[in-house]
Amino acid sequence: MRSVVFVTHEEHRYTHELFARVMRDDHDLPVHVADYAAPGRVPVADALVVLCDLERFAAADRPRLVEAEDELRRRGAGRVLNSPSRVKTRLELLRHLAEVGLNEHRAAALDGGQHLRYPVFLRGDRDHDGPRTALLHSAAEVRAAVAAAGPGGPDLVVEFADCRRRPADLFHKYGAVGWCGQVIPRHLFFSPDWSVKRPRRTTDEQIAREAAYIAANEHAARVAEVFAEAGIDYGRIDFAARPTGGIITFEINTNPAILDEGDLVNERRRYVTRTFLTSMSAAFTAALG
């Protein structure tokens, strides 16, 4: 195959544009970004095409996405990753993982959360804004949060999963990229807040623990299993490690921001960024043949 083409929602091309440029300029790989509004701007003949942003589309849009996949194949795409007919939505995935025993926490639509364990939080099924509420400890608190959000508010209820060994420990979140069955570790973040975001400051110990994760990739087998259950060929999974073994999956993002300018200048995390880019370059090279 001649190139890798990421196809994104037209408002979210930015997630891969820097990454594609680095792959082209520093690794001499033909990686490009197109969008669903005008996919024809980038040649796809004999390309490995990655359909991204699938979770941002409503269920009613799925037939249109399947048509887009068919059109790409008619235009000569060599291979299409993330087939819309296979990829599970966020709610479908969280429900399925709980049913097959790969997750301890459950999720439901707003009108179906009566069976969930408290505390819970609210979030959107089709965005990447994370939790929209604090932890809620009763049905009354859930109703109040839904009323306060109003129309267009969060539409999922999710059980809180605490993966700390001790209450005094920091919360953590791993990130890994799935690519055609391969698992490439991306980050390990720590926070005193249960909703873990990229930290503004990190300690030497946290940097060392992240580097150790990048080197060992000790959760790769279970992560690969989750990607297979999700029907997702490419994306970034956010997960935590259970104290008793295994992982808890929070979500898989099919259009992740996997590289930003800060990664390229952060001296303390240079090993993490360099190793990730080298691993992605090798994965792309193998896929292109």
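**Entry 1: R73 and its partner**

I began with R73, which counts as partly exposed at 41% relative accessibility. I kept in mind that this is a predicted model. Which residue does the side chain of R73 meet in a salt bridge? I found E69, with 2.8 Å from N to O. Both residues sit in helix α2 (residues 62–74), four residues apart, which is about one turn of the helix. Is E69 buried or exposed? E69 is buried, because its relative accessible area is 6% and the cut-off for buried is under 20%.

I noted that the structure holds 24 salt bridges. As a reminder to myself, side chains of opposite charge can pair when their charged atoms come close.

Next I looked up R268, which forms a salt bridge with D204; their closest N and O atoms are 2.6 Å apart. R268 lies in the loop between α7 (261–265) and α8 (270–288), while D204 is in helix α5 (residues 204–216), so this pair ties together parts that are 64 residues apart in sequence. R268 counts as partly exposed at 40% relative accessibility. D204 counts as exposed at 61%.

Then I moved to R269, which forms a salt bridge with D263. The closest N and O atoms here are 3.4 Å apart. Are these two residues buried or exposed? R269 counts as buried at 7% relative accessibility, and D263 is buried as well, with a relative accessible area of 2%. I also saw that R269 and D263 belong to a network of salt bridges that links them with R186, R198, E210 and D260.

**Entry 2: D125, a charge without a salt bridge**

Where is D125? I located D125 in the loop between β6 (120–123) and α4 (139–149). D125 is buried yet has no salt bridge. What I did find is a polar atom of the D125 side chain lying 3.2 Å from the backbone nitrogen of L91. Leaving aside neighbours within four places in sequence, D125 is in contact with E55, R90, L91, D155 and L156.

**Entry 3: the sheet with β6**

I followed β6 into its sheet. In what order do the three strands of this open sheet come? The order is β5-β7-β6, with antiparallel pairing. β5 (107–109) and β6 are the edge strands, each pairing on one side only. On average, neighbouring strands here are turned by 25° against each other, direction ignored. Helix α3 (residues 90–99) packs on the sheet and touches β5, β6 and β7. The direction of α3 makes about 135° with that of β5.

I then counted how β6 is joined to β7 (residues 156–159): there are four bridges, and the two strands run antiparallel. One place to look is L122, whose bridge partner in β7 is V157.

**Entry 4: strand β3**

My last stop was β3 (residues 47–51), where five of five residues are buried. A47, V49 and L51 point one way from β3, and L48 and V50 point the other way.

Which strands is β3 joined to? Five bridges join β3 to β1 (residues 3–8), running parallel. Three bridges join β3 to β4 (residues 79–81), also parallel. I used L48 as my landmark: L48 is the bridge partner of V4, and in β4 the bridge partner of L48 is R79.

Key
Residues numbered from 1 in each chain as written. Predicted model: local features only at pLDDT ≥ 70, side-chain atom pairs only at ≥ 80, totals over all residues. Heavy atoms only, no water. Buried < 20%, exposed > 50% of the residue type's maximum accessible area, 1.4 Å probe, protein only. Lys, Arg positive; Asp, Glu negative; His and termini not counted. Salt bridge = Lys/Arg side-chain N within 4 Å of Asp/Glu carboxyl O. Polar contact = N/O pair within 3.5 Å; in protein donor to acceptor, adjacent residues only side chain to side chain. Contact = heavy atoms within 4.5 Å. Pairing = 2+ DSSP bridges. Axes fitted to C-alpha atoms, helices over the stretch in contact; angles between N-to-C directions.
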